[in-house]
Each structure stands twice: as C-alpha cells, then as structure tokens.
Amino acid sequence: MRKQGVILVIATLMAMILCGAVSATDSSTTGGEGNLSDVNNSEAVDPILWVNVGYEYADDKINPEIAVTDSNNDSVAFNKTKYSDTLYKLNFTYAGVTNGTLFNVIVRAPGYIAQTQQVAVNQAGTDPEFIGTVDFDMQATENYKLGRQITAAADNLLHFASADDVLCITTAGLAYRNGTTTEDCLEGILNGSHGEISYGQGNLLTFQSIRTDPVDFCFVVRNGSSLTAAFFKNGTLTPAYFGTFSAIDQTLWENTITTTLGEHAFGYVSLADAWKEGLSTDLLRQAAYHGHVCLGTLSGQAMISLLLKYYPPGVYGNSGELEATSYRAVSSPGNSDDDAYIYSLDLTTGKRSWVGYNTAEDNMVGFIRWCDTTKRGTLIIMRFNEEAVLQLYKQQTGNNAYTGIAGELAFNTWLINKLENDPDSLVEILYVFENITPAIHNNLTGGVDSKKVVCNALGLDMDYILGLNLTNVANQRVATNYTTGNLTLDQIKQIGIDAANMAIALFAAEGIDLEKDDYELTVFTSAGYVRVNEQVMDMTMDGIYQVLGSRLSRATLLPVHNARYNPLYFQFSLEKDGKVISKTLTYNSTDGSFIAKNGSSCIIDQVILYDPPYDSLMAWLWHNHVCGGSSPGYIITDWIYDNFPLGADEQYAMITASVSCRDDIYTYLLGLSPGQGNYYSERMTSDSTGNDILILSIYDSTTNTRRVIVVNYQGPHFTDGDPYENYIKLYKILQKYDDWNSPECQEELKTLTNMDRAPSITKTVDTYSTEEEWNSMISGNALEVAKSIPDRTKEDLIRLMSGSQTSNGDSTSQGTGSLFSTANGSNGLFGLSNGSNTSGVNVSAATVTNSTTSSVGAQPGEAKAYEVTQAGAQGSEGTPWGLYAVVGVIAVLALGGVGFFYKGGKF
Ligand SMILES: [Zn+2]
Ligand SMILES: [Zn+2]
C-alpha cells in the first residue's frame, strides 16, 4: 500500500501539469480547501466525495487513511476535511467529469481490512457540483478481533476498571496466525482495554515468540497484594486458567499451572510477580525477552549497575560507525545473565558487541571498555556467585531459595530489592585489567574493528587472559554517582506530547500538515530502552500516541534498541512524494528542552517507504539500524522456518561462525539468545568459514536427538535499484512460499527483473549429532566438528545412543573412518549446485570428544527446564531440599514428555 504514496506523487504532478494547479501540493491534508476553487480552468470541475467511515467496533475512533484513484487506477490528489467522527469531505480537481464518472475510494485503518469502493459523482438538480457519497463499514482483521474478544472476556472475568492495576503478557506480535504476524492482536488489546493497558504504562509484555508459537494471552489484575489471572490458550475465548497468581502452592503449580500454561508457565507467573513487586518496566521487558524473571537475569542487571557505576561508558570506534557500542562483552552462554546486558546495553551479537561460546563458567562475563583515542581498553570480568547469593539469602531471611514455586518467587522478590538497593551484593568483580591492547582485544573478540575479523575469537578464555600476567586492579574502584530524576508519569507523558506538538510545528513551517493516525508517519524513539536520570521514559510513548496516534502495534511508533544511558530522542519520519522527510528532537534532560535537527538519528527510516514485513522491521529495530550486512538475515530466517519447521518438543539452537549484522535478525526472529543457552557466537575469519556461515541445531526432547545442519549462504545480486527495496521485495515473495523451488515461487521471482543472481542457501552438513559432539561444537571449532560427524539418520543416532549409553566417551567410535558426505540434499534456489563439497575435512572421532567446561550437557531443553522448574538444582549439594530437586528433575522430564517444551504449533 505504501506504493500508493509514489503513485500519488506522480498523479499529483500530472494533475498539476494538466490543471496548472501549483498550489495543489498541500492536497491530501486538512485545511487547504481554499486553494482549489481558484485554480479551476474551463474543463476542470471539482467533484466532492462524502465518505462516511464506520468501524466494526463502534468505540474505535480512528482517522482513516483515504486514497482515491480514477477509472485508470491513477491516484487522485484531494483535500480532506473532517466533518464528524465518521464523516469526511474530499474535494479535488479532475478534468472531464460528467454525470456518472467513477472513482475508487480506498480506506485503510489499523486493525481493519482495507476496503475499496467505487463511487459515481453526479450533479443534483441545478447544483453545478458533482457529488458522490459512499459509506464504509470497516471490518476488523481476524487478529484484531481476537485481541478485542479476548480482552473483553478477560475484562469480564477480572474487572479491569475496579482493579488497582492490569497487566497483559502475550506471545502475540511475532507469532504467526493464519500466515501473518499478530500485531493486530496487540492493537485489539490496547483498544479493547480502553486505556487500562498501554505501552507507556509498560503493562503489555510480549515474549520473544517465534512464528510457530501458539498465540496465548495472560491477563493479570492486582488488587492490593493479590493477583488474579485469566489465561487464554491459542486463541480460545474460554480461559484455560482463571485463578490466583499470588497464592500459588506447589500442588496448584504442578498439577494445574505448569500443565495449563505450558512452556511459559514460569514466565507468566514470575513476570506478574515481579510486576507486582514494582520491578521497573524496562527490566520487565528485558525479562520477557529472556522468558522469565530469574536469578541470572537479575544478576545480569546487577552487573550492568556495577559496570555503569565503576566503569562508565566510553565510545567505541568512530562515533559515526554504525555498529559502535560503548562496551563489548565476551562471555560464556547460558545462565541468563547474558540476556540482561545484551538487551539493556544493546550489546547484540550482530554488532559484534557480544562474542561467546563455552570457554568458561556460564555465570561469568568480560566487558571491554575501549578508548579509540589511546587504542587501549579495560577488561572487567564479573560473575554472579550463585552459592554466595543463596547463602546470603539464607542468612538474611532464614529461607532457602528453591523450595518450590512460592520459595522461588520469594527469592525473586528479595533479588529485586537487592538489585535496586545493593547490586554490589549480587555480583563479584573478579578481575579488572587495564592497558588491553588491540592485539589482546583482537584475540578475545576476533577484531576490534566490528567490520573486520582478523583472527578466530578466543572468547572468554581465562587461560589466555590470566596468562597475559596483567595486574588486577579490581579493588581500585571509583564510583560514579548519577542523579536521580523525580519526574511524575504525567510529566514524562508530557515530554511525548511536547515532542509531538513540536514536530507538528516543524512540519507545518514547511507547509506540511501532520495527520493523526497516519500510516505515512513513523516515529522512531529511544524511549522504551533509555533512561533519563535513571527514570524509564516509556510514558512518552503514550504522549506521542495521544497527539499523533502513532503506536508500536501499528508499526508507526518504533522503539529503537539502545543502551540504557543513551539520549532520549524522537524522530519523525514522514513519507511524502516518494521520499522520507525526517526531523529529530533530542531531549535535553538538564532543562527539559529539545534540540531539533533536520534528518534522522535512526537510519531505519531508509526502509519505511518499502513497507517491510512487520517482523523484519522488528528485527531491524533490535539491530538498531538497517545495513547491507543485516539484509540477508530475514531470507535465511525464512529459509529455516520453511525447511525446518519445529515439531512439538523441538527447539532451535545456533552456533554462528561467520558473524555479521544478520546474526541479530536470526537470533531475534528464531527466539535465540545466549542467556537461554541456545545461541553461540564463535566469530571466525572468512578463511576459516568460507560460505558456511552457521550451524543450526534442532533438538527433540522426546527422543533426545539432535539434528545438525551447516548452512552455506551466498547472497543475491541485483543490477540496480535501491538495495533495501530489492531485499524487501525479495522477502515478500520468499515469505509467501514454503518451497522456494516451486514453479509458482520461481515464476514470481522472475518479476524481480533486476535480480541477476538469486540467493543460494545449501546444506553443507545435515546429520544427527550425539550430545558429546554437540558439546564439543559449542566449545569451539564448531564447523570443523560438525563436518567430521558421519552422515546419520535419526534412527542411526538412536541406535548409537542406546549402544553406547554405558561406555562414556566412545559414543563416536562408530564414526571413525567414515567419510563425511555432502550428499544429503541441496536446497539451492534456482537449482544451483551445492558448491561446497568439503569432503576433505575428515576429523577423526578422537578429536571431536574434547572435554568441555563445567556447564556442558545443558541442552536447550535442559537449560530452560533448569531455570523453570528446578532452578538451583546445580547448587543442591548439601542443601536440605535435595529431594525436591530430584522430584523437580522428574517433573521436568515428565513435562518434557507432554509437550512442556512445546514450540511447534500444529505439526
Ligand atoms: Zn533465566
Ligand atoms: Zn548492521
């Protein structure tokens, strides 16, 4: 539909040329009516269309987007005047109008199906005016209806208006339903809750869903300290669970809640509990991204607090560099802490700000703060010591942390309090080394330069680091004190209102009227991520919405991933005449003013003209910019969904070897993250990887088998055109087809006449690996190990596992001597051959069973289960709740069997 903007311009220009109507440039906005009557020439008459727009939900007051085309489908420019909440008058100039001339009127509104109607204009009696009238009865989309209906059902049960607070946690947004993303469900929740739920209040939390996740909704109301929840499963309007969330005993938890709420049971319960305890909304969103609130994620937040306090941010590289971030992290995945700083400091793997595989304890991280002027850095190594924290908890409260669900929630509450008042007590700063040279940085991360890999990254290799014999200055800390703001929520909302009004004035000064609810206006903001004087700025988004109707669920108010300490800005990007006009207002926290500039702070405005798919846009926001490196990410993600759809009890994991911006796209859209223990980045040189960019793993918790695929990628080539437009057109075609080699898909690809080479994605390896092999892969040299695994079927692996169960260590012996084969299926688009016959790589079995570090054996399923049901089992030695831990393990296994790790939708 954005195309219409372009067409509109051309039509406008043509109309101007034809009619000499120069002043018609401000058509399609309100208030410019007076201009047109002056410009009629003898042939042109000015028809009037009265357009009445009603909505399926009568309480929806939306300013619709209206477009008009003539009988040749050429766009017609017009002036629009609002007469009532539903009635709009369009007048325009059009040559050669006679009685019965037909026009097409197209109406679009968020949450509704676009509608086109033909209307004829006629003269009535002696009236010289040609007039047409048309009524639109806008029908809601299925997803919008679902959002509205479920919200109404929840309100009916929970009585939002009389509750102290309302919360909604959902998988909607990125999950697909009937082939589309489900942001309309979110729009339905927001409109249906009549202001009780909004982005500004931070009470709409969305999990990091994948396409195949069921669309579930959990509404929670707080009355005093009591929480009541209504949970709606997979779009069903009858609640699957309706009852307490604040008085959950072990029986209710095990017999009802975990079985009913499924994979995210602990997520819903722990998020609701943390929300009740007042955890700030940015941290709630971070926890939702991670999947739940836990020791690891709160400890990760404590690490951030310490980092900002003792080692405040510097600037990496040139400040103009796209991937520049103030810190980088080298880490060992797992144990949840990684998700905290990746989210809150914007240290995404695609920006090469985070590198890690299993090289050290998974509760440790090294932060590098770099000074580009001196070319020297500081390496700060922290860890959260679970044992120590559990002991402190016991000492201060007399309680044990993991004594069942109630005990774990009580522990979380204590942790939230510690995070806010004494983060130092949760985290140890083990080492601080100064004078980190570029050579050391290169060795740890693969390259100071985010664009250039100079060696294979060692990651958090403590042997290497300690072997450097640097002086540990961890005890020489100087604390930075930050001022704490005291703005009220209303004052924060006012910042958004002021910014929106200032934007209206700035555009008006150029003769452009900004309309409310306009699809053509996109507001980019760092709100949602940044804090101003330690205060969360979410409420500014409600201020923007109030004035301009821009909202994330409409993809018109886009929070851009940012580090917490970055400035608050609002960027207003308007699509007009086939171009994007951007104006940015940056908030000055010292005096509350705005610094205005023409142009953008966030270059994602470069893609909005091409109307990218909602999920691709969300992934770009996560990356914080658009770029050539990230563009292939959506194609590869789509290929994975098409070729390896998850079955029930299956989970993805990924090891990337060739790391680039596109990694942020896969991790975001495939629900992968280091903190969940299902994403590893081994940043290697292209000499080491060739075009084998990543290893995809699909773990089946029912059979305990793991399929391993090495993905080989070669990008498309376009002869000309805008690169983003080219890629987005390609996304839209590929996204429609599960089989890219089907004649229909191939036929449609031919419409991309400027693409002289299609992308080629092939499988260098497609086999089944033992857990020993997998553990070896996630500990380094993943590609080499993967390529050494014999070609196996699932049945081969099951036989192998049952044959070697008791003899630890020789499970790969059967593979010795087998030649690696690439015979298993090329998926080359356009039938390109599988060009990577790497049969030369034949590592003997002995080299693939390298022992790994303490945390190995944590399969994604186990890692999650550990967190969810028996968190703390690792530290169970000598604690009196060993029995519970054992029961927990059994419960986890049982739940695993009944789809506890359900990820698959209906396969
Ligand atoms: Zn966790
Ligand atoms: Zn990038």
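**Notes on the predicted model**

1. Just after helix α3, His159 takes a positive phi of about 55 degrees. The model under discussion is a predicted one, and the remarks that follow should be read accordingly.

2. Helix α3 itself covers residues 142-158. Its 17 residues, at 1.5 Å a residue, should span 24 Å, and because the C-alpha atoms at its ends are 24 Å apart, expectation and model agree.

3. Which residues of α3 are buried? They are Asn143, Tyr144, Lys145, Leu146, Gly147, Arg148, Ile150, Thr151, Ala153, Ala154 and Leu158. The elements that cover these buried residues include helix α4 (183-192). Also among them are the strands β12 (176-177), β13 (180-181), β15 (217-223), β16 (226-232) and β17 (241-244).

4. The largest nonpolar core has 189 residues, and the members that touch the most others are Phe219, Phe245, Tyr341, Phe367 and Phe572. Helix α8 (residues 295-310) supplies the largest share of this core, namely nine residues. Another core, of 28 residues, lies apart from it; Val51, Phe103, Phe136 and Met138 are among its members.

5. Strands β5 (residues 79-82) and β6 (residues 87-91) pair in the antiparallel sense, with four bridges. Together they form a hairpin, with four residues between the two strands. Within this pairing, Asn79 stands opposite Asn91 of β6.

6. How many disulfides does the structure hold? The number is zero. Cys168 is accordingly in no disulfide, and the nearest cysteine sulfur, belonging to Cys218, is 7.8 Å away. Cys168 has 0% relative accessibility and therefore counts as buried, the cut-off being under 20%. Cys745 likewise counts as buried, because its relative accessibility is 0%.

7. His290 deserves a separate point. This residue lies in helix α7 (residues 281-290). Is His290 buried or exposed? At 2% relative accessibility His290 counts as buried. Its side chain makes a polar contact with the side chain of Asp339, at 2.7 Å. His290 and Pro674 are 384 residues apart in sequence, while their C-alpha atoms are 9.5 Å apart in space.

Terms used:
Residues numbered from 1 in each chain as written. Chains lettered and ligands numbered in written order. Predicted model: local features only at pLDDT ≥ 70, side-chain atom pairs only at ≥ 80, totals over all residues. Heavy atoms only, no water. Expected span 1.5 Å × (residues − 1). Buried < 20%, exposed > 50% of the residue type's maximum accessible area, 1.4 Å probe, protein only. Contact = heavy atoms within 4.5 Å. Core = buried A, V, L, I, M, F, W, Y, C linked by side-chain atoms within 4.5 Å. Pairing = 2+ DSSP bridges. Disulfide = S-S within 2.5 Å. Polar contact = N/O pair within 3.5 Å; in protein donor to acceptor, adjacent residues only side chain to side chain.
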